[in-house]
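Hello,

Here is the structure for you to look through. My notes on how its chains meet follow below.

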Amino acid sequence: MEEGALCALADRVAIGEVLAAYCRGLDRMDLDAVAALFTEDCAVSFGSHPALQSAGREALRRDLERLWRFRRTAHHLSNLEVRAAGDSAEAVSYVMAWHERPDGSTATLFGGYEDMLRREAGGWRIARRRQFMNGADAGFAAPIHPAPRRGPPPGWAPPPGLR
Amino acid sequence: MEEGALCALADRVAIGEVLAAYCRGLDRMDLDAVAALFTEDCAVSFGSHPALQSAGREALRRDLERLWRFRRTAHHLSNLEVRAAGDSAEAVSYVMAWHERPDGSTATLFGGYEDMLRREAGGWRIARRRQFMNGADAGFAAPIHPAPRRGPPPGWAPPPGLR
Amino acid sequence: MEEGALCALADRVAIGEVLAAYCRGLDRMDLDAVAALFTEDCAVSFGSHPALQSAGREALRRDLERLWRFRRTAHHLSNLEVRAAGDSAEAVSYVMAWHERPDGSTATLFGGYEDMLRREAGGWRIARRRQFMNGADAGFAAPIHPAPRRGPPPGWAPPPGLR
């Protein structure tokens, strides 16, 4: 163990703070704070639909205004996994994203982010982001990239008696 | 990177453990363990109603007995952000707090904590806590401090076709 | 602070990654990846029913196939607490486990894991795992070990006016 290990730990903490700050900034709709967490040339893809892709910090900031269609949101981030090398890092995290519409209906996403971050003068910033979804409640309608899930082998049958 | 950086990382981990232990202690209603995580002179504000404020460890311990009105609870903590300086630290975290009443009805809060912690002989303790809520399901009734959320600029309209 | 402290922090991060990788592997039903996170002689107990206990990595891998009865799942891990000593560690974590059946019905568990991990040549692995539940929604039927929760003292009455 030496200085490299210490730097790696500090990087990991810093990256976790970037991801948490994204959630907090988004839930408070402080879009300037959110945009500052991304590189100027960032590429963000929430889903395959063109409206769910943003190229560049300025476009992302503007595109995220769509969250004003909700009355309230809550983005709970967890399950952080980081692979860092020098000034670049890959991070996978989970997010439970709860959204409430003005009519009181809600939409909850159980998904996550696959990120590539870059260390810049101002700290770690998200350069590439791809959102995935493991699932969602019935109220959630946006076509987020589905996470891959392997299917059972041919002939598999559920154990009896389990629900 | 040097000893200061290592201490900062260790402090951060220790603070995260305090916040997790709060959740675990509360869900098991081990109020002695919960109270031990706070300074003797702590000030805790869950909301603006006087019944949601506690002054001092002993009062807090007694006030938290109100959670016995629920049959079960689950406090899931995430999104930790820490700013530490010497023997003092500020932490912001998120919590999804699920509560089940004896009649089976549930109340879920999507919120968080803004904490000031102090390093004491026994370790980091919460000296000031303010809970905030980003949202809650329809069953949640307690008037927790609402988190600030910026509104759209005048004339903003939601993009067509998005729900 | 010295090398021991640095190793402890690195161990903690590595353990958190193991627990996160379990969730991600399970949600993607990559059971080879999941099984590789456990020691060959692992013992896993999700509940007191014999069908909820697995002895050994190979049996665990096979037993986890039962999750194919769901269409999608999402395991959100948080609240990590770790006590490590040498090549052994105890970890407690929380998990919100969302499951969706082919008929669209869902089952959500609010629980966690009490783990004993061992450092092996390939890294930290889970040697003993015991799942607990603080609660669950009405759709969740599996008899996971209930977490202990202390009851109120005799004569305790809920404060008036609180719901």
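**How the chains meet**

H1(B) and H1(C) are oblique to each other (angles under 35 degrees count as roughly parallel, over 145 as roughly antiparallel, 65 to 115 as roughly perpendicular and the rest as oblique). The model is predicted: local features need pLDDT of at least 70 and side-chain atom pairs count only at pLDDT 80 or more, while totals for chains, interfaces and linings use all residues. Residues are numbered from 1 along each chain as its sequence is written, and chains are lettered from A and ligands numbered from 1 in the order in which they are written.

H1(B) and helix H1 of chain C (residues 3-27) pack at about 45°, and their axes are 10 Å apart (axes are lines fitted to C-alpha atoms, for helices over the stretch in contact, and angles run from 0 to 180 degrees between N-to-C directions). Helices here are DSSP runs of H or I with at least four residues, and strands are runs of E with at least two, numbered from the N terminus.

Leu6(B), Leu9(B), Ala10(B) and Val13(B) of H1(B) meet Ala5(C), Leu6(C), Leu9(C) and Arg12(C) of H1(C); contact means that C-beta atoms, placed from the backbone, lie within 7 Å.

The whole contact takes 28 residues from chain B and 25 residues from chain C. On the chain B side, helix H1 (3-27), strand S3 (72-85) and strand S4 (88-100) each give two or more residues. H1(B) gives the most, with 12 residues.

Only 12% of the interface residues of chain A are also interface residues in chain C, so the copies meet through different surfaces.

Regards

Technical notes:
Contact = placed C-beta atoms within 7 Å.
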